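Please read the following report alongside the sequence and the coordinates. It is written for a reader who wants to find each feature by residue.

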Amino acid sequence: MNYPILYSFRRCPYAMRARMALLSSGVTVELREVLLRDKPPEMLLASPKATVPVLILKDKTVIDESIDIMRWALKQNDPESWLMADSPEKQELVNTLIEENDLVFKQHLDHYKYADRYPAYPAEYYREHGEQFLTKMDSMLQQSEYLLAARPSLADIALFPFIRQFAYVDKNWFDASNYKCLQKWLESLLVSPLFVSAMRKIDVWQAGDESVLFN
Ligand SMILES: N[C@@H](CCC(=O)N[C@@H](CS)C(=O)NCC(=O)O)C(=O)O
């Protein structure tokens, strides 16, 4: 194979953050769009845990956690210093934020987004739980334009697709909320050329298709 292969699902927030990091790094990959209900056997063979994204390197190494894909890409090339290599304290903070997002906030997001599947409580109940994270982010964004500095870092990009989903469950509510700095942050990432490129739409991959290069 000439390029690493990325199995991805365009609307998946984990895949979205992996694609954004790959784009920022400038590493070219072959992009294979999959359907979650019909994952290709080639992907399942490489990663039996069956989640997207999955990156297969040229030496056949498989990376099947989005955050590891982001870190791998930025280790190859980090032109915008997303890794904050010069600040171990900030890196620690980045790790804490990502952990809180992936382990706690994501659950509240799913409950809020699919509240009809969790009828024990109304959607607002789940939203309030998620708001603890929004409040934390908004107060960080009162200090600087992005979470840790005046420019985006790994934390911003790793969290952005999840905040985007949360906001769009009820965009009128989000726009009317008091999270003014978070609203501004979300908007600036939504209109960024990086996000627009990362959201490029391609056909679902089938064996034998011509490669779609992504860079
Ligand atoms: N911890 C994984 C989570 C990835 C994940 O859960 N992806 C979802 C889609 S957004 C998935 O593939 N779910 C399996 C399925 O729906 O069949 C990562 O960060 O890559």
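The model is predicted, and every distance and angle given below was computed from it.

**The sheet**

The sheet is open and has 5 strands, which follow the order S4-S3-S1-S2-S5 with mixed pairing. Its edges are formed by strand S4 (62-63) and strand S5 (213-214), each of which pairs on one side only. Strand S2, covering residues 29-33, pairs with S5 in the antiparallel sense over 2 bridges, and Val29 has Phe214 of S5 as its bridge partner. In general, the strands of a sheet pair through backbone hydrogen bonds, in either a parallel or an antiparallel way. Helix H1 (residues 13-25) lies across strand S1 (5-8), S2 and S5, and the helix runs at about 150 degrees to S1.

**The ligand site**

Which residues are around the ligand? They are Cys12, Tyr14, Leu36, Lys39, Ala50, Thr51, Val52, Pro53, Asp64, Glu65 and Ser66. The side chain of Glu65 has an N or O atom 2.7 Å from a nitrogen atom of the ligand, while the side chain of Ser66 places an N or O atom 2.6 Å from a ligand oxygen atom.

**Two backbone features**

Val52 and Pro53, both of which are listed around the ligand, are joined by a cis peptide bond with omega near 5 degrees. Pro53 belongs to the loop between helix H2 (41-46) and strand S3 (54-56). In the loop between S3 and S4 lies Lys60, a residue other than glycine whose phi is positive, near 80 degrees.

**Helix packing**

| Helix pair | Axis distance | Angle |
|---|---|---|
| H5 (residues 123-141) and H8 (residues 180-190) | 7 Å | about 80 degrees |
| H6 (residues 154-169) and H8 | within 10 Å | roughly 105 degrees |
| H1 and H3 (residues 66-76) | within 8 Å | roughly 0 degrees |

Helices H5 and H8 pack at an angle of about 80 degrees, which means that H5 is roughly perpendicular to H8. Their contact is made by Leu134, Met137, Asp138 and Leu141 of H5 together with Lys180, Cys181, Leu182 and Trp185 of H8. Sorted by class, the contact of H5 with H8 has 6 nonpolar, no polar and 2 charged residues.

The axes of H6 and H8 cross at roughly 105 degrees, so H6 is also roughly perpendicular to H8. On the H6 side the contact is made by Asp156, Ile157, Leu159, Phe160, Ile163, Arg164, Ala167 and Tyr168, and on the H8 side by Leu182, Trp185, Leu186, Leu189 and Leu190. The residues of this contact of H6 with H8 divide into 11 nonpolar, no polar and 2 charged.

Residues Tyr14, Arg17, Ala18, Ala21, Leu22, Ser24 and Ser25 in H1 meet Ser66, Ile67, Ile69, Met70, Trp72, Ala73 and Leu74 in H3. By class, the contact of H1 with H3 has 10 nonpolar, 3 polar and 1 charged residues. Among the residues of this contact are Tyr14 and Ser66, which are also listed around the ligand.

Conventions. Residues are numbered from 1 along each chain as its sequence is written. This is a predicted model: local features need pLDDT of at least 70, side-chain atom pairs count only at pLDDT 80 or more; totals for chains, interfaces and linings use all residues. Side-chain values use heavy atoms; hydrogens and water are left out. Axes are lines fitted to C-alpha atoms, for helices over the stretch in contact, and angles run from 0 to 180 degrees between N-to-C directions. Helices (H or I, at least four residues) and strands (E, at least two) are DSSP runs, numbered from the N terminus. Angles under 35 degrees count as roughly parallel, over 145 as roughly antiparallel, 65 to 115 as roughly perpendicular and the rest as oblique. Contact means heavy atoms within 4.5 Å. Ala, Val, Leu, Ile, Met, Phe, Trp, Tyr, Cys and Pro count as nonpolar, Asp, Glu, Lys and Arg as charged, and the others, Gly among them, as polar. Two strands pair if DSSP finds at least two bridges between them. A residue is near a molecule or strand if one of its heavy atoms lies within 4 Å of it. A polar contact is a pair of N or O atoms within 3.5 Å; within protein, one must be able to donate a hydrogen and the other to accept it, and residues adjacent in sequence count only if both atoms are side-chain atoms.
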